[in-house]
Amino acid sequence: MGDQIRRPGNPKVDNKPKSKISASRKLSLKIMLLNRAIEDLENEKQDREEEKNRYLKEKHPALQLSGLSLAELQNLCKQLYAKIDVVDEERFDYEDKVNKHNKDINELKLKVQDLGGKFKKPALRKVRVSADEMMRALLGSKHKGSMDLRANLKSVKKEDIKQEKVLTSEVGDWRKNVEAMSGMEGRKKMFDAAGGGQ
């Protein structure tokens, strides 16, 4: 009888081992576990309350206000105010520490995710997009007409380039030019070069 194929009409072949505990027994065990957990939670709450009350009695004994004069009451108020200040400072420090630790935890979680490699960057491929396609993608239906970037470029003639080279060669060292143009002779040269003395 080698391997039998399980068919809907063949209930004899079953891959799962049957549980030795009946369903009613499982249910009763779950109920018992839940009841035990509820009792443990209630006991834990009571223990916390008792610990809190014990701590408060230890740190803050009951006040004896009867039979105190005005000066003694004022002194007591000052002492209580000083204690409140100390407690507020401690509370602020603890809140600051908790916030700092929470930030550290979040940063470490991000590092773990990065190290785990959950977020892999996809390999980007180069895409050639013309200026018209880019403008259509950015502006949508507002983009009309074609955009030829080369047509908007300034045309430069070779003569203009030669003139710029001549001008730069004439300027040369600026210190020499400043010395040559200083005084009355320099002003006369500038006037003549501008074509004013014709």
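**Surface, helices, pocket and salt bridges**

Student: What is the accessible surface of the protein chain, and what share belongs to carbon and sulfur atoms?
Tutor: Areas here follow the Shrake-Rupley method with a 1.4 Å probe, and for residues only the protein chains shown count as cover. The accessible surface of the protein chain comes to about 20500 Å², and the share of carbon and sulfur atoms in that surface is 56%.

Student: Before we go on, what kind of model is this?
Tutor: Residues are numbered from 1 along each chain as its sequence is written, and side-chain values use heavy atoms, with hydrogens and water left out. Local features need pLDDT of at least 70, side-chain atom pairs count only at pLDDT 80 or more, and totals for chains, interfaces and linings use all residues, since the model is predicted.

Student: How many helices and strands does the protein chain have?
Tutor: Both are DSSP runs numbered from the N terminus: helices are H or I with at least four residues, strands E with at least two. From the N terminus on, the order is α-α-α-α-α-α. The counts are six helices and zero strands.

Student: What percentage of the residues count as buried?
Tutor: Buried means under 20% relative accessible area, exposed over 50%, and partly exposed in between (1.4 Å probe, protein chains only). Of the 198 residues in the protein chain, the buried share is 3%.

Student: Now to the largest pocket: how much space lies in it?
Tutor: A pocket is an open set of points on a 1 Å grid over the protein atoms alone, where a 1.4 Å probe fits and protein lies on both sides within 12 Å along at least five of seven lines. Its volume is the space filled by probe spheres set on the points. For the largest pocket this gives about 200 Å³.

Student: Which element gives the largest share of the lining?
Tutor: Lining residues have an atom within 4 Å of a point, and here they are Y55, K59, H60, K83, V86, V87 and E90. The largest share, four residues, comes from α2.

Student: Between which domains does the largest pocket lie?
Tutor: The domain bounds come from an automatic or database domain assignment. Both domains give residues to the lining, so the largest pocket lies between domain 1 (20-61) and domain 2 (64-117).

Student: How many salt bridges are there?
Tutor: A salt bridge is a side-chain nitrogen of Lys or Arg within 4 Å of a carboxyl oxygen of Asp or Glu. One of them joins R91 and D88 at 3.7 Å, N to O. By this rule the count comes to six.

Student: How far apart are the closest N and O atoms of E44 and R48?
Tutor: E44 and R48 are four residues apart in helix α1, so about one helical turn separates them. E44 is partly exposed at 39% relative accessible area, while R48 is exposed at 56%. In their salt bridge, the closest N and O atoms are apart by 2.9 Å.
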